[in-house]
Amino acid sequence: MATHAFHYAVVAGGSMAGLLATRVLADHFERVTLIERDVLPSNYEPRKGVPQGRHAHVLLVRGQGIMESFFPGLTEELCAAGAVLVGVPEFAWLHAGHRRVRYHSDLSFLAMSRPLLEISIAKRVRALPNVTIQDGTRVEGLRHDHERRITGLHTRSVRPHRPADEIEAELVVDATGRGSATPRWLKELQFDAPRVDQIAAPVTYATSTFRRVPPLPDWCSLVITGAPARRAGFIFAIEGERWLVSLNAYFDEPVPDSHEEFLAYARSLPTPELYEAIRHSQPLSDVVHYHLAGSVGHRYERLRHFPEGLIMVGDAVCSFNPVYGQGMTVSAIEAETLHHALATAKQKGRLGSDFGQHWFRSIQPTIDVAWGSVQVEDYRFPELKDQRPYRIRPLQWYMERVHQATYRNPVVANQFYRVLNFLAPPTSLFRPRILAEVFAGPAR
Ligand SMILES: Cc1cc2nc3c(=O)[nH]c(=O)nc-3n(C[C@H](O)[C@H](O)[C@H](O)COP(=O)(O)OP(=O)(O)OC[C@H]3O[C@@H](n4cnc5c(N)ncnc54)[C@H](O)[C@@H]3O)c2cc1C
């Protein structure tokens, strides 16, 4: 029988970051309770608390690998449920009107709906013997002692007329996403709230699904982006023989509402492939929207004082412009980091009063990588008036050359994909071999 170093942990929020953190905590705590506001569905349907679930989601290769290591057999299970394994040759990425080179590679990713991934993981988490999922319950505040140590959560059922409740824990993990109330709760406890960084490139998603019927194109996933483009699009083959199509509108670009407008918008993209794939397909859903004001990062790692017994994960710490597909993978890397942090604490025999501060410092390098790639691409928009970090312009210039090299050169394309998928550090794009290949071709 497994021995656990610690007694009782509670996780607030049962989406991707909360589920993955729960999976890790279950290895280190005797009991783990996950509190989720929504009543979690058992079928693969989007839910209210995760409205982004209706829109195209890319699971990057590193994230997929971590999830497979937490839940052995998950990839096979997802494929059996209809997820589509996409290798580099079946993936078309049209960037600024050019197709990135196709080559044979060991890289592949899974295309599927977000609910298929999330609910499959939720089922696995629910099956863990020391985990309780208490859904239909809202977290209303942090429980604390007279020394301002966090000792659990105040909760309330979402069903009417239920009394408030509380739940005691040695460690509270806030995974309530972008709208996390922790900055407010910290102020109420007389702690400083974290500094908030923003990259205010507003983007709206318009999404619909279509029946996927022959004749099919020579790709099964297509991404159309620009440098920068105020209009972009994703189309993924997903379970149920469907196309999941998300069109992106930056700033004040008009957002398509009806199916006619959706097709017209698809047709207005710089290349016709996406439009051609759906123009004769039967729509299977309405056009749904999601608007995001940009990327938001809470700099918890900079706080000099942070309460004992609390950490945060996922979008509650940093939420990125979703078009780069990083959020779930960052949550997965954070879960892996949590495992190492708890293993170290186990050796010491205690979590320690500075566990939270160490935690934020240990996840910051991953956040910096993700934030850095958003900066490089989003700061290409002249509409963004913020002061750009001084290193951005040379990086943008070099990355522009990298993009151009990926249209023709498999070595550069492969390293680019590895960096994008968190399999290699961004600095690897500056290795002599890559530099030589990047500058071997003409600049456009
Ligand atoms: C349009 C869009 C597209 C995206 N595309 C991608 C993509 O392609 N790839 C990718 O990796 N990421 C993508 N993301 C980001 C990704 O969805 C998130 O990063 C990921 O879900 C991790 O978020 P999270 O679990 O921290 O928070 P969320 O997913 O926001 O979940 C928060 C959870 O907390 C619950 N909750 C909130 N408040 C309370 C409360 N008081 N009490 C109890 N429960 C509460 C909510 O119901 C919800 O279940 C996208 C995001 C958006 C908006």
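## Domains

Domain bounds here come from an automatic or database domain assignment. On that basis the protein chain is divided into domain 1 (6-50 + 116-196 + 296-374), domain 2 (74-112 + 202-292) and domain 3 (389-439).

The model is a predicted one, in which local features need pLDDT of at least 70 and side-chain atom pairs count only at pLDDT 80 or more, while totals for chains, interfaces and linings use all residues. Residues are numbered from 1 along each chain as its sequence is written, and side-chain values use heavy atoms, with hydrogens and water left out.

## Ligand site

From Ser15, a polar side-chain atom lies 2.7 Å from a ligand oxygen atom. The backbone also takes part: an N or O atom of Met16 is 3.4 Å from an oxygen atom of the ligand, and one of Arg37 is 3.2 Å from a nitrogen atom of the ligand. The protein buries 94% of the 1,000 Å² that the ligand exposes when taken alone (Shrake-Rupley method, 1.4 Å probe; for residues, only the protein chains shown count as cover).

Helices (H or I, at least four residues) and strands (E, at least two) are DSSP runs, numbered from the N terminus.

## Interface of domain 2 and domain 3

The centres of domain 2 and domain 3, taken over C-alpha atoms, are 24 Å apart. Their contact (heavy atoms within 4.5 Å) takes 13 residues from domain 2 and 14 residues from domain 3.

Between them the two domains bury about 1,100 Å², with 66% of it on carbon and sulfur atoms; this is the accessible area (1.4 Å probe) lost on being put together, summed over both parts. On the domain 2 side, Arg100, Val101 and Tyr103 lose the most area to domain 3, together 47% of what that side buries.

## Backbone exceptions

Most residues other than glycine have a negative phi, and most peptide bonds are trans. Ala96, in the loop between β4 (91-95) and β5 (98-99), has a positive phi of about 50°.

Pro214 and Pro215 are joined by a cis peptide bond with omega about 0°, and Pro215 sits in the loop between β13 (203-211) and β14 (221-225). The bond from Ala227 to Pro228 is also cis, with omega near -5°; Pro228 lies in the loop between β14 and β15 (231-238).

Methods. A polar contact is a pair of N or O atoms within 3.5 Å; within protein, one must be able to donate a hydrogen and the other to accept it, and residues adjacent in sequence count only if both atoms are side-chain atoms.
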